[in-house]
Amino acid sequence: MLLSRLDRWFHITARGSTIPREVIAGLTVFGAMAYIVAVNPAILSAAGLDRHDMVMTTIAGAIAGTLLMALWARLPIALAPAMSSNVLFAQVVVQQAHVSPRTAFTVVLFSGLCFTALSLSQIRQRIIRGFPPSIVLGIQIALGAFIARIGLMTGGIAVPSPEGLTFGSLSNPSVLLSMAGVVLSAILVVLRVPAGLLLAILTITIAGLFIHTPSGPITHLPAQLLDWPHYPTNLFLPFDFHEYFSHLGLLVPITLYFLLSDFFDATATMMSVAHRAGLDGTVEKPALDHRAFGSDGAASIIGASLGTCTVSAYVESLAGVEAGGRTGLSALVVAVLFALSSVFWPLITAIPAIATAPVLILVGLNMLGSLSRVAETPAEAIPPLMMLLIAGVTGNFMLSLSCGLLIYTALAVATRQFQRLTPIVLGLDAAFVFYMVLQAHMGA
């Protein structure tokens, strides 16, 4: 009875999936993004916030946002505090702008309120429908390059150098284990082994216990496996409206930067996940409807109210799609696992970053398979390929999206194809130019 209700509620059979497959997909997504439980608190602690408190608010924000997406939108998309947002929160708003963390949370709140208003209206859906096909393709391949780049750097295969990125040292056991993980993940994917990506994460984590570096084993077991959760009630509704309105000239541009960055980053991620899952829907009934966007927008408000940075859709959700996830049940599994991590978080953080790196690389490579759809005409091919190049080289997805659309517009003008310059395209151009000006102004 319960299984049949789950099937009907999440449309599991209708979307060509099964309950076991959805559970495995949820486990895979959580394995790929569990790092946020350790990384987000480490970044936010630079803003003077207690690290253990941030662990609990990170988990609370991820649970709330993912549950919204799972139960209301019923999509295989997991949400958690955004990596770009937490760096901006700690380094730009608190450290550089010298405002209190409570005022920074107020910035996140107002950004989230605007985000939600746009999401619940028809504006966000019109923007998505207004993206030119070549830019939609560019989003797919640029995100593929972006997530593969993250995997390469996380695994130490690519490391920063004065010339940009260079290959990691082959004398480093971590790099060798990461490369072995890529080979293992590729083999499991090619052989279509059930839960292959999850098995790769577990295998690398266990292997890391026996492979040592100068600083010790790659996988460090925590001193304690459990830690009783406690939510820091002092961070519930942590807003300072007085200071916010006292510094409007400084904080309004930062609020708009948060809004533009999160809006387009999350929109592109959700578009990509839905497309890879075969959930594009129709113009009359799109898969990404007001419930999906409303869940994403409301998560931002909830995240700020719970005492963390902007909660947004995670690109690691693509790992779940590659594992077969097609419904909100996989997202529900992720939310449950985040809830369990409030007790087991010391053990969860023992998963080394290089264990998830090969999975991200394989997911990125699969997304780059869309390169076969790049048009032969230069006017259609140059924008998506430029987006791919910028995202892969700089690691700045928003900048790649901005440049791709502006190049698309310039080529349309040069070839006098003015019918391609729709109001949506011109509006997006204006928004991205404004975003780039704000980014240059803040040095972000």
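Analyst: A definition is needed to begin: a crossing of two helices is left-handed if the near helix is turned anticlockwise from the far one by less than a right angle, and right-handed if it is turned clockwise. Please note that the model is a predicted one.

User: Which hand does the crossing of α4 and α13 have?

Analyst: Helix α4 spans residues 51-73 and helix α13 spans residues 290-306. The crossing of α4 and α13 is right-handed.

User: Are α4 and α13 roughly parallel or roughly antiparallel?

Analyst: The two helices pack at an angle of about 160°, and their axes are 9 Å apart. Angles over 145 degrees count as roughly antiparallel. Therefore α4 and α13 are roughly antiparallel.

User: How many charged residues are in the contact of α4 with α13?

Analyst: On the side of α4, the contact includes T57, G61, L68 and W72, and on the side of α13 it includes H290, R291, D296 and L306. Asp, Glu, Lys and Arg count as charged. By class, the contact has eleven nonpolar and six polar residues, and the number of charged residues is two.

User: How are α17 and α18 directed relative to each other?

Analyst: The axes of α17 (residues 378-394) and α18 (residues 397-414) come within 8 Å and cross at roughly 160°. This angle makes the two helices roughly antiparallel.

User: What is the relation in direction between α8 and α12?

Analyst: Helix α8 (residues 133-154) and helix α12 (residues 248-276) pack with their axes 10 Å apart, at an angle of about 90°. Angles of 65 to 115 degrees count as roughly perpendicular. The two helices are therefore roughly perpendicular.

User: What is the bridge partner of S161 in β3?

Analyst: Strands β2 (residues 158-161) and β3 (residues 164-167) run antiparallel and are joined by four bridges. They form a hairpin with two residues between them. In β3, P160 has L165 as its bridge partner, and the partner of S161 is G164.

User: What kind of aromatic pair do F89 and F105 form?

Analyst: The structure holds eleven aromatic pairs. In this one, F89 lies in helix α5 and F105 in helix α6, 16 residues apart. The ring centres are 4.9 Å apart and the planes are at 50°. Planes under 30 degrees apart count as stacked and over 60 as edge-to-face, and this pair is tilted.

How values were computed:
Residues numbered from 1 in each chain as written. Predicted model: local features only at pLDDT ≥ 70, side-chain atom pairs only at ≥ 80, totals over all residues. Heavy atoms only, no water. Pairing = 2+ DSSP bridges. Axes fitted to C-alpha atoms, helices over the stretch in contact; angles between N-to-C directions. Parallel < 35°, antiparallel > 145°, perpendicular 65-115°, else oblique. Phe/Tyr/Trp six-rings, centres within 6.5 Å; stacked < 30°, edge-to-face > 60°. Contact = heavy atoms within 4.5 Å.
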